[in-house]
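Colleague: Could you walk me through this structure? I am new to it.

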Amino acid sequence: MIVCLFDIDGTLISSGGAGKAALEMALADEFGVTHLIEKLQLSGRTDRAIIRDLFQTHVIEETPENLRRLTAAYLRRLPECLEQCAGRVLPGVAELLPRLRGRDDVLVGLLTGNVRDGARVKLGHFGLHEHFAIGGFGDLHFDRDDVAREAWTEVRRVLNDAADPGRVWVVGDTPLDVRCARAIGARAAAVCTGWHGRDELAASEPDLLLTDLSDPSELFSRWDP
């Protein structure tokens, strides 16, 4: 069984900045923070780590209640931001996912820094959510490697501990996606559809480097005997 775990933002979709906009609105709604988020690093990170940085930057106490308030406000605002922003499904994704879902030798899942409900909203907006059976998410983890470990635990549960990490592929658009694949002994396919250029992705030494997902034949060739 091949396991294919996808990142979301920059790999499957471009949200057009909807996630950042929803966070900004949520900060204003709940904590009166009205100036824009500027230098906050979002790419490849978990929502939990991003929220921690926001709390520190804006001197907001990091309590379970404040975490709940900001996350809930973000999820309320996210659908309208997705409607307003010029997001899109990235090249090849709409064709690839049904193809994978139709194979009985492939388990398709998520490995994303998004909180679980945020992933559902984003993918649902673009009609992609139904394709994913399992996942690791950014609700609890500060480090993407721990998200990978969560996803690997789910893979082993679904496959009754019969999973081979060497047949797990993490598909993402950042060096952190490559790194977290290594944390679970998986292989990594990097796609140049996000914020990181080809040279930077190549330096992270993925097993496969693709311009986008419009021609997955090279990826398939690594799977099939």
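**Loops and helices**

Modeller: Val-59 lies in the loop between helix 2 (47-57) and helix 3; helices here are DSSP runs of H or I with at least four residues, strands are runs of E with at least two, and both are numbered from the N terminus. This is a predicted model, where local features need pLDDT of at least 70, side-chain atom pairs count only at pLDDT 80 or more, and totals for chains, interfaces and linings use all residues. Residues are numbered from 1 along each chain as its sequence is written, and side-chain values use heavy atoms, leaving out hydrogens and water.

Colleague: What is the phi of Val-59?

Modeller: Its phi is near 55°, a positive value in a residue other than glycine. Most residues other than glycine have a negative phi.

Colleague: Is Val-59 buried or exposed?

Modeller: Val-59 is exposed, with a relative accessible area of 75%. Buried means under 20%, exposed over 50%, and partly exposed in between, with a 1.4 Å probe and protein chains only.

Colleague: And where is Glu-205?

Modeller: Glu-205 is in the loop between helix 8 (198-203) and strand 8 (208-210). Glu-205 has a positive phi of about 60° and is exposed, at a relative accessible area of 60%.

Colleague: Changing topic, which residues of helix 7 are buried?

Modeller: In helix 7 (residues 175-183), Asp-177, Val-178, Cys-180 and Ala-181 are buried. They lie on the same side of helix 7, because they cover an arc of only 165° around the axis, taken from the directions from the helix axis to the C-beta atoms.
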